[in-house]
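Q: I would like to learn how to read the features of a protein model. Could you take me through them in order?

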Amino acid sequence: CDMVMFGCLLNGEDGAVVPFYDCDKNRWLGARMPGAEFMGQVGGVRQDLGLVYDPRRDLVWGVLGELQKKGSLRAARVDAATLGLKPLK
């Protein structure tokens, strides 16, 4: 999938959404994702969040700077076909 996933939350029609940029079609999309609150509050940006795509496992890893804290490492399988992406307005 030729998209970029951003590590923040935006207000969407159905609540908080994770923004995606569709490089091929030059458009912004959003999707509700379980556990997305890991990325912080709506409209805010976590300065200690890193997202990395792992092509071998087909996962996106989310890592917070405080690795000793419980829940500081998350993984998500992102499938554009089942993600429910909607255009951002």
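A: Start with the nonpolar core, meaning a set of buried Ala, Val, Leu, Ile, Met, Phe, Trp, Tyr and Cys residues joined through side-chain atoms within 4.5 Å. Of the 13 residues in the largest such core here, M5, V18, F20, M33 and M39 touch the most other members. The elements β3 (15-22) and β6 (59-64) each give two or more residues to this core. This is a predicted model, in which local features need pLDDT of at least 70 and side-chain atom pairs count only at pLDDT 80 or more, while totals for chains, interfaces and linings use all residues. Residues are numbered from 1 along each chain as its sequence is written, and side-chain values use heavy atoms, with hydrogens and water left out.

Q: How are the strands and the word "buried" defined?

A: Helices (H or I, at least four residues) and strands (E, at least two) are DSSP runs, numbered from the N terminus. Buried means under 20% relative accessible area, exposed means over 50%, and partly exposed lies in between (1.4 Å probe, protein chains only).

Q: Which residues does M33 touch?

A: Contact means heavy atoms within 4.5 Å. Leaving aside residues up to four places away in sequence, M33 touches M5, V18, F20, A76, V78 and L83.

Q: How do I read a pair of aromatic rings?

A: A pair of aromatic rings is described by the distance of the centres and the angle of the planes. Rings of Phe, Tyr and Trp (its six-membered ring) pair if their centres lie within 6.5 Å; planes under 30 degrees apart count as stacked, over 60 as edge-to-face and the rest as tilted. By this rule the count comes to 2 aromatic pairs. In one of them, the ring centres of F6 and W28 are 5.2 Å apart and the planes are at 45°, so the pair is tilted.

Q: Where do F6 and W28 lie in the chain?

A: F6 is in the loop between β1 (3-5) and β2 (10-12), and W28 is in strand β4 (residues 27-31), so the pair ties together parts that are 22 residues apart in sequence. F6 has 33% relative accessibility and therefore counts as partly exposed. W28, at 42%, also counts as partly exposed.

Q: What about the rings of Y21 and W28?

A: The centres of the Y21 and W28 rings are 5.1 Å apart and their planes are at 50°, so this pair is tilted.

Q: Which residues make the nonpolar surface patch?

A: Patches are made of residues with over 30% relative accessible area and no salt bridge; like charges are joined within 9 Å, and nonpolar side chains (Val, Leu, Ile, Met, Phe, Trp, Tyr) within 5 Å. Accessible areas come from the Shrake-Rupley method with a 1.4 Å probe, and for residues only the protein chains shown count as cover. Here V4, F6 and W28 make a nonpolar patch of about 260 Å².

Q: How many salt bridges are in the whole structure?

A: A salt bridge is a side-chain nitrogen of Lys or Arg within 4 Å of a carboxyl oxygen of Asp or Glu. A search of the whole structure finds 3 of them. One joins K89 and E13, with the closest N and O atoms 2.9 Å apart. This pair links distant parts of the chain: K89 is in the segment after β8 (86-87) and E13 in the loop between β2 and β3, 76 residues apart. K89 is exposed at 90% relative accessibility, and E13 is exposed at 60%.

Q: Is D22, which meets R27 in a salt bridge, buried or exposed?

A: D22 is buried, at 5% relative accessibility. The N to O distance in its salt bridge with R27 is 3.2 Å. R27 lies in strand β4 and is partly exposed at 35%. Not counting residues up to four places away in sequence, R27 touches F20, Y21 and D22.

Q: And the bridge between R57 and D54?

A: The side chains of R57 and D54 meet at 2.9 Å, N to O. R57 is partly exposed at 42%, whereas D54 is buried at 12%.
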